[in-house]
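The account begins with the cavities and then turns to the salt bridges.

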Amino acid sequence: MIIDPLLRPDLTRLASATGSSPLTRFAPSPTGYLHLGHVVNAIYVWGIARALGGRVLLRIEDHDRIRCRPEYELALLEDLAWLGFEPDLGFEPLLRQSDTPLVYEQVLDRLRESTNVYVCECSRKDIGGERYDGRCRDRRLEPGSGGGIRVQLPDGDEVFDDALHGRQTQTPAEQCGDLLVRDRDDHWTYQFAVTVDDVRQGVTLVIRGSDLVSSTGRQILLARMMGRRNAPVFLHHPLIHDGRGEKLSKAAGDAGIRELRSAGVTPPEVIGIAAARVGLLNPGESIHAVDVAGLFLA
Ligand SMILES: [Zn+2]
């Protein structure tokens, strides 16, 4: 096996960082159908959890009530089962963010005791970039007036060791400014909901795509503000990129699992295609879901 440190983590070091039997999660948003990008994430989640003797829980991240649909959730679950990825904590009860709105309210109320939590009426257009400048921080706007809610972030660096990318230093207050936790449509934001869920479910290992690495510092900071003492270990894995390597479908970068299924591709072939897309297997190789730990064990 080729050892590429940006592809496969050092399992010994990772195990000592997470402790024994880490808990990780597969957490899709039901805003569409399962595609190869999800399968890459599942390979990493299940493969590394199995290689470390850890467990996988399934969480439905449906905090965005406008874009999420029950039929997508059903389809995601069905495709996942077809592929053979089984969460250790089962499918029932399944944690859906939409089922527990009070939990998020309670966490926000506790945050108010120690932090400036305020109403912000700015639109994305008003802000005009990733960083919010805090202009509503001292306006004392009333809740319920169509505004969002932000949490003031303290200054300072967040330093963490990514299991593939090594040491990272981020400055959330400079990168994004005060964090939006509820948007103007009254939805909990991804950053807030996922941080609350990882705390309350005791997730100790977060495995996700490298497109999310820049938001990790703010999640670690927010979790600490919520009272979490030890941050989870983060691993940001490679993503499927367009136009590199073999052609699978017309959309060379990604493909829906439903289309592959209806074209007669088998589950091990689908997992093999996804693994090959990021370099974990050679093109044309197949692998069963129960065997994906082997992709990470030297
Ligand atoms: Zn504002």
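The second largest cavity holds about 30 Å³ of space, where a cavity is a set of points, on a 1 Å grid over the protein atoms alone, at which a 1.4 Å probe fits but cannot get out. Its volume is the space filled by probe spheres set on the points, with grid points joined across faces, edges and corners. This is a predicted model, in which local features need pLDDT of at least 70 and side-chain atom pairs count only at pLDDT 80 or more, whereas totals for chains, interfaces and linings use all residues. Residues are numbered from 1 along each chain as its sequence is written, and side-chain values use heavy atoms, with hydrogens and water left out.

Lining residues have an atom within 4 Å of a point; for the second largest cavity they are Phe 26, Pro 28, Leu 34, Leu 58, Ile 60, Leu 76, Leu 77 and Leu 80. By class, this lining has eight nonpolar, no polar and no charged residues (Ala, Val, Leu, Ile, Met, Phe, Trp, Tyr, Cys and Pro count as nonpolar, Asp, Glu, Lys and Arg as charged, and the others, Gly among them, as polar). Helix α3 provides the largest share, three residues, and both β2 (55-60) and α3 supply at least two. Such helices (H or I, at least four residues) and strands (E, at least two) are DSSP runs, numbered from the N terminus.

The largest cavity contains about 50 Å³ of space. Its lining comprises four nonpolar, two polar and two charged residues, and α8 gives the most, with three residues. Among the lining residues are Thr 195, Asp 198 and Arg 228.

Asp 198 also belongs to a network of salt bridges that links Arg 25, Arg 59, Glu 61, Asp 197, Asp 198 and Arg 200. A salt bridge is a side-chain nitrogen of Lys or Arg within 4 Å of a carboxyl oxygen of Asp or Glu, and the whole structure has 25 of them.

Asp 79 is buried, at 0% relative accessibility, while Arg 258 is partly exposed, at 30%; buried means under 20% relative accessible area, exposed over 50%, and partly exposed in between (1.4 Å probe, protein chains only).

Definitions and conventions:
On a 1 Å grid over the protein atoms alone, a cavity is a set of points where a 1.4 Å probe fits but cannot get out, and a pocket is an open set with protein on both sides within 12 Å along at least five of seven lines; lining residues have an atom within 4 Å of a point.
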